[in-house]
Amino acid sequence: GINNNGVVVGTCWKPNFGPRAFKYENGVMNVINFSGSTYYHPLSISDNDNYVGTVVLTNFVTKGFFNSEFLPSLGSGNSSAMDINNSDQVLGFTSDSQMNYIVIYENGQIIHSYPLPEGDTKAINDSGFVTGTDYPGGAYGRAYIYNYEENQFNYLSVIGVEEVGANDINNLNQIVGYFYDTDST
């Protein structure tokens, strides 16, 4: 991830140590450490220099994080943090014993959840609109846009295609992603 200040977060490979998270700013790369983790991966950084990502703990539990703090789940123990906007709202994913959920975090707490049984979530913009891909009933992927403040979930319609996926959303609510037509092109 990169913010509008040019600060980068990501994962590098350090020989003899494996994957390491880093923050790169003004020509200096600093390692981000988490105790008790076998793998950590920052995915996004806000213009406030707050970053989010996912940590895999030694017991194979996956936890989303905000800076160096783990984010809560809804009961399964697993959570993820996929993106952060410039209001420092964090977009994540978690589950309970029955369902997967899109979750929005503020100040380290879940403020909103929306059931998404078979999909994923990718990005949140500064207005709080969310996008990702759902696989309703195990069918082909369908890109969506979700306004959590108004609890409005809509699939994106693309005529003549079999599968549509969404990867990112900007502040104009424009979505970038992919699609496959009926011959899988």
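Contact, as the word is used on this tour, means heavy atoms within 4.5 Å. The model is predicted, so local features need pLDDT of at least 70 and side-chain atom pairs count only at pLDDT 80 or more, while totals for chains, interfaces and linings use all residues. Residues are numbered from 1 along each chain as its sequence is written, and side-chain values use heavy atoms, with hydrogens and water left out.

**Stop 1: valine 130 and the core around it**

Select valine 130 and, leaving aside its neighbours within four places in sequence, look for its contacts, among them Leu91, Ile102, Ile104, Ile124, Tyr144 and Tyr146. Then extend the selection to the largest nonpolar core, which has 12 residues in all, including Leu91, Phe93, Val130, Tyr148 and Phe153. A nonpolar core is a set of buried Ala, Val, Leu, Ile, Met, Phe, Trp, Tyr and Cys residues joined through side-chain atoms within 4.5 Å; buried means under 20% relative accessible area, exposed over 50% and partly exposed in between, with a 1.4 Å probe and protein chains only. Strand 9 (90–95), strand 10 (100–106) and strand 14 (142–147) each supply at least two residues of this core, strands being DSSP runs of E, at least two residues long, numbered from the N terminus. A second, separate core of 11 residues includes Tyr40, Ile45, Tyr51 and Phe65.

**Stop 2**

**Stop 2: asparagine 147**

A polar atom of its side chain lies 3.1 Å from the backbone nitrogen of glutamate 149. Not counting residues up to four places away in sequence, asparagine 147 touches Phe129 and Gln152.

**Stop 4**

Finally, select the open sheet of 3 strands, whose order is 1-2-3 with antiparallel pairing. Strand 1 (8–14) and strand 3 (28–32) stand at the edges with a single partner strand each, so one side of each is left without a neighbour in the sheet. Strand 2 (residues 18–25) is joined to strand 3 by 5 bridges, and tyrosine 24 has methionine 29 in strand 3 as its bridge partner.

Terms used. Two strands pair if DSSP finds at least two bridges between them. Helices (H or I, at least four residues) and strands (E, at least two) are DSSP runs, numbered from the N terminus. A polar contact is a pair of N or O atoms within 3.5 Å; within protein, one must be able to donate a hydrogen and the other to accept it, and residues adjacent in sequence count only if both atoms are side-chain atoms.
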